[in-house]
Amino acid sequence: MDWFFANASFVAGLALTHLSIVIVPIVLGSILAIVGARLVRARWVPGVTAVLSAVYAIPSLALFVALPALIGTPFVGPTNVVIALTVYAVASMFFSARDAFSQVPSSTKTTATALGMSRFQLFVHVELPMAIPGLISGLRVVSATTVSMAAIGAVVGVRNLGYLFLDGFQRRIPEEIVTGLVAVFVIAIAFDGGLWLLGRALTPWRARGGERV
Amino acid sequence: MFSISDLAAWFADPVNWDGRYGLWFLLLEHVAITLAALLIATIVALPLGLAIGHTGRGEFLVIGLGSISRAVPTMGLLFALVLLWGVQLRDVSLLVALAAIAIPPLLAGTFAGVTTIPWGIRDSAKAQGMTGFQRVRYVEFPLATSSMIGGMRIAFIQVVSTVVLAPLVGLGGLGFGIVQGLALRNYSQVVASSLVIIVITIVGSQLLGWLQRRTDDRL
Amino acid sequence: MKLSRITALAVSITALVGLAGCATSEAPPTDPSIETIVIGSQAYYSNEIIAETYAQILEDSGYPVERKFSLGQRDVYIPALEAGEIDLIPEYTGNLLQFFDPAATETAADEVYTALGLALPEGLTAFTMSSATDQDSYNVTKEFADANSLVSIEDLAKVTGLTLGGAPELAERPYGPSGLLSVYGVTVEFQATGETTVDSLVAGIVDMANVYSADPRIEQLGLVTLSDPRGLFLASNVVPVASGVVSDYVAYLIDKVSAAMTAEDLVAMNVRSVDEKLSASVIAREWLLSKGLVK
């Protein structure tokens, strides 16, 4: 604990950096995936699925470093990690979003169309609200995975909470590693709790039914 | 910096395939570590998932573990375990850290497999006078197989890409090609090693997907 | 460009020598335009401490400093240095020379430094090197050294079945297994031990290991560093490397740090980092104070 108290402000700084690195991938990645899942036509789905599965299988360490060579991003700084994490978030969220939308009964959609709703209205007022439970559970997976995966960025020079693992291991300071584990955990659980609350707030009609998850 | 022809040349050079740190050995090692971690995870998650599904008690464990495990960065856990147990047991540390990410999806898959069996089937097994063990062995386990394999597929995909961290603690697998390639600026080696990992992931996940569909029609 | 830097260095050194002789006899160069200096460091606690000394002496003279520390390995930060994303980073002469010229044959400190000056790409400048070194070295445990009466790498030739531990890239380095065989006739089986190299040596997983010479654990664990009479390893002195045009006054301040830092100082600071678990900024601050480099 001594180490933690002596370095509390340093750890807080790393935690802030960590947060700033994961927020874009979680938000942007999810939006892209949700919109993409709705827009991609049925006949393209096998192709998109194959590409995204392959993308998801790229080791993060390799993608972090390959990006400057591939797309000319700066070598130093969090840009590469942010882009890579966004790509992983899209790849993961796309499948959850498709599942969530496929749970919406087609009879409901037909009814809404019969009532004269446009495609956009159908999406915003019917499909999106009904898919929320599925989308939220997908988002919870994406947020937790992104927060913990971002730590690997420390290996390629992004000074976030993952730095505590590398430095703590080099200097043999177990408290430093444990501090990093706890800090990442707290951030991930905070996202998770926030999304759970968001899910409840967005689907008030479900709360009465005593929904779990 | 990197080109397709360099990559092709890298693959064509037998030097890169042979020896302790050649592609063949690293590939085998990568697959072996993955399978060992999945085996350990299965030994833990399968009985536990069946028990929770059978008794209906401890569901919170399935859901809680799922969220918690994703929030634990494997690199940190691995370093902490190696510091704690010492370098002699670094392979154990690695397998434990990998099993930690494989257990939750396996557990969830097994649990879901049991609880989604229609009550009619489970009740009629009971009505026929089957004991608790017999129901698990002859009804619930076979009918949960497909869902379990689904969980195994998720676990597999995550473990295969995480084995890449092994060289940080002095162990092998295809991560060696990535970590060494980064230090030596040998980007062909980095990309080649990554490609092999992607191929393993796709082949393994297709195989498990096929198995999942094969076992699905049992119901 | 490079020539003018050398001239500037000569001026700074002269100033420094003058200063050492008589503290106020010669005015230091002054800097009309004070700009933010971006200082980088490797993902290595010792390198971070050195980077902190640079940062703090500059801050003490009123320079705004931006720290971009623990940037990983050379393949990450050297392109960034060349692109001007970083202005200054502590480096090591031998390892840096080998990065730009893998076929380099120089091993003595001065030769390595001269060769480095020629090997550096356009736009990068090496300041005067420090006498502090942190270089690759082969180490064995005391027991293993006693059992096989080992003092130098030469003595390994009579030992069979040797295993060598080190980072994955050691397998391909000129001083790795191939160099051991060609220079000393020593055959080893390489085992990549990554971040666990010293532990692996102590645990007996490997017989010998590549450890940086300023690693405090060499002394703490009583490891025996084998001497290198035939110059397998390149000398690796601490050297500040700058990108683009850096003002004479910055060079003057950084040179003061390099001149004051001894090999013993560097090890002592590393010991504090590992034993007392102090942060790099505290260790750097106290060292600068002890040398009278900051007030």
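**Close-ups of a three-chain model**

**View 1. Chain C on its own.** Chain C has 12 helices and 10 strands; here helices are DSSP runs of H or I with at least four residues, strands are E runs of at least two, and both are numbered from the N terminus. What you're looking at is a predicted model, where local features need pLDDT of at least 70, side-chain atom pairs count only at pLDDT 80 or more, and totals for chains, interfaces and linings use all residues. Residues are numbered from 1 along each chain as its sequence is written, while chains are lettered from A and ligands numbered from 1 in the order in which they are written. Of the 295 residues in chain C, 48% are buried, meaning that 20 or more other C-beta atoms, placed from the backbone, lie within 10 Å of the residue's own. Take the contacts in chain C between residues at least 6 apart in sequence: 76% of them join residues at least 24 apart. A contact here is a pair of residues whose C-beta atoms, placed from the backbone, lie within 7 Å.

**View 2. Where chain C meets chain A.** Here 19 residues of chain C touch 18 residues of chain A. On the chain C side, α3 (74-82) and α11 (263-276) are the elements that give two or more residues. The largest share comes from α3(C), with four residues. By class, this side of chain C has 11 nonpolar, four polar and four charged residues; Ala, Val, Leu, Ile, Met, Phe, Trp, Tyr, Cys and Pro count as nonpolar, Asp, Glu, Lys and Arg as charged, and the others, Gly among them, as polar.

View 3. Chain B has nine helices and zero strands. Its C-alpha trace spans about 70 × 40 × 25 Å along the principal axes.

**View 4. α2 against α5 in chain B.** Helices α2 (residues 23-55) and α5 (residues 90-115) of chain B pack at about 35°, with their axes 7 Å apart. Their contact is made up of 22 nonpolar, six polar and no charged residues.

**View 5. Where chain B meets chain A.** In this one, 28 residues of chain B are in contact with 34 residues of chain A. Several helices of chain B each supply at least two residues to this side, among them α3 (59-70), α7 (132-162) and α9 (187-216). The top contributor is α9(B), with nine residues. Sorted by class, the chain B side comes to 21 nonpolar, six polar and one charged.

Note on methods
Contact = placed C-beta atoms within 7 Å. Axes fitted to C-alpha atoms, helices over the stretch in contact; angles between N-to-C directions. Buried ≥ 20, exposed ≤ 12 C-beta atoms within 10 Å, placed from the backbone.
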